[in-house]
Amino acid sequence: MKVLTNTALVMLGLGVMLSSCSKKQQSQKTGLAYNDRTNGGYLRFKQSHPTPGPGLVPIEGGTFVLGGSADQDVVFEYNNLRRRVTVPSFYMDETEVSNQDWLDYLHWINITFPNDNELYYNALPDTLVWRKPLSYNEPYVDNYLRHPAFQDYPVVGVTWEQAQEYCQWRTDRTNENILRERGNLVTWKDQGKAQGAAGAAAPQPFNTDIYLNGQIRGQGIDGKKMVPDLNPNAKGTGTGKNGRAVRPVRLEDGILKQGYRLPSEAEWEYAALALAGNTQFENINDGRVYPWDGLGVRSPNRKTRGLILANFKRGAGDNAGVAGGLNDKAIITAPVRSYTPNDFGLYNMAGNVNEWVADTYRQTSFEEMDDLNPFRGNEFTNKRLADPTKGLYAKDKYGRPIKDAATSNKKLKYADMIAQQQAQAAGANGNSAQPGATTASVKDPLAGKAYTSDYRDFNDTVSTALYGNTTLVNNHSKVYKGGSWNDMAYWLNPATRRFMDQEATSAEVGFRCAMTMVGAPEIHPEGKPHLPVKKAKNYKAR
């Protein structure tokens with residue numbers, strides 16, 4: 001039985017308005033009234049639990065044994081030793097990203113940057129992944145991505161880097177659409193009219209970070225329903241009704257979504273197992289080998305008994321079974337909503353295509369990572385400032401912030417931060433990363449020390465046996481999981497893990513996106529006992 005569904009969510013909805021009630025709320029520490037423009041406009045926003053972004057379903061987090069579903073290690077790699085960890089609640093795509101989803105992405109690039117052939121070319125999947133020297137797969141080369149017959153099939157031939165770019169694009173398009181539909185930016189219709197005017201310049205592409213920094217403003221950009229600005233010193237920020245100042249949406253408003261991203265390896269494995277379906281009051285009734293109950297790959301249910309539960313290769317030369325009784329109904333990939341979803345409501349978490357995750361591969365990751373939200377592959381970055389005194393971000397030619405590798409793991413003093421940013425803006429810092437690039441280790445020009453984001457990376461001086469010198473493992477080795485249409489059943493186990501270079505492609509590898517959940521982790525509080533929480537009282541001056 002599916003226990004976590006979209007319809008069962010108890011959410012407070014999108015927090016988009018300032019708190020209001022018959023009596024103004026007051027600070028519990030100073031007594032100052034909130035949301036009162038006469039006393040300085042101190043703001044308190046309505047506390048909310050954000051809803052998932054489009055295409056996502058909620059995954060309630062908790063503890064589980066990473067690598068615990070693997071009952072054997074047939075390849076003898078010893079790379080998934082069991083480890084109890086905790087995964088916070090998050091959101092995950094209901095399905096793999098499909099060909100239609102990717103065609104939407106290509107279409108946006110084509111209409112937004114019509115003369116940038118390089119950008120469009122770099123976003124194209126490698127359709128030649130279907131080409132084999134001794135197999136007639138040319139029809140897939142020509143048709144798989146673009147023919148309508150395959151539009152609901154998972155996109156393949158995508159590199160790890162291309163998947164990351166798609167996540168960023170999807171974040172910006174989702175947030176832009178929210179703002180235009182709400183009227184915080186000009187509506188799609190009004191923007192289309194403006195673009196149709198003779199001699200009108202192409203609008204700057206929307207970017208969430210640039211917008212939140214106040215760098216997407218002005219005539220023809222601001223919408224008719226901007227947020228009222230209670231700051232008494234607000235000047236030049238637009239004018240709303242009755243001549244009052246207005247402002248763009250802020251992160252504190254709770255309107256914009258968190259960024260889409262690739263799930264971590266731990267998140268992916270946790271979501272695939274979906275042990276919440278076998279859990280009651282912290283008691284797990286039964287473990288799993290696959291994303292469904294039981295030890296086999298066939299349905300035990302009365303009406304579907306014997307049917308294959310995922311799209312995989314049953315044996316050498318058997319990709320689909322015998323005509324008249326195809327076992328998994330697919331020769332290659334299958335539509336992204338094929339088969340029964342797991343108890344989190346996720347389709348094809350076993351089979352169909354392997355899926356990229358965010359982690360950099362190391363054989364010993366499960367032993368070394370933190371036990372809370374484990375992840376390996378952090379490349380910490382800072383947004384470069386074009387004008388440090390005004391706090392304006394530097395942008396690349398596509399309107400995205402330029403990010404440099406972080407030079408410290410702590411907050412710098414203000415004078416040091418300004419000096420560092422000025423050095424980068426002037427091009428004096430030889431360690432500055434190019435747009436879109438990051439570095440694992442960068443020397444801090446002020447502190448004189450190197451800050452390394454992964455202390456056991458390719459540059460490890462203690463043990464070099466596993467980090468690129470004698471194997472193919474390096475900082476570009478990324479994990480993929482889940483098994484594919486061309487894999488045996490062993491790889492359908494969520495604990496199995498393989499890796500591939502982040503620039504490599506395959507007809508057997510696709511991906512899905514995730515999103516961080518902010519706020520309370522519990523998704524289904526209904527029907528469960530809770531300790532009472534006393535509401536704070538307003539302070540009364542005497």
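This note walks through a sheet, a helix pair and a pocket in the predicted model above.

1. A word on conventions. Local features need pLDDT of at least 70 and side-chain atom pairs count only at pLDDT 80 or more, while totals for chains, interfaces and linings use all residues. Residues are numbered from 1 along each chain as its sequence is written, and side-chain values use heavy atoms, with hydrogens and water left out.

2. Have a look at the open sheet, whose four strands run in the order S20-S19-S12-S21 with mixed pairing. S20 (498-501) and S21 (509-510) are the edge strands, each with a single partner, so one side of each has no neighbour in the sheet. Strands here are DSSP E runs of at least two residues, and helices are H or I runs of at least four, numbered from the N terminus; two strands pair if DSSP finds at least two bridges between them.

3. Within that sheet, S12 (residues 354-360) pairs with S21 in the parallel sense over two bridges. Glu355 stands opposite Gly510 in S21.

4. Next, the helices: H1 (residues 99-112) packs on H4 (residues 160-182) at about 75°, with the axes 11 Å apart. H1 is therefore roughly perpendicular to H4 (65 to 115 degrees; axes are lines fitted to C-alpha atoms over the stretch in contact, and angles run from 0 to 180 degrees between N-to-C directions).

5. Finally, strand S2 (62-66) is among the elements giving two or more residues to the lining of the second largest pocket. S2 gives the most, with four residues.

Conventions:
Parallel < 35°, antiparallel > 145°, perpendicular 65-115°, else oblique.
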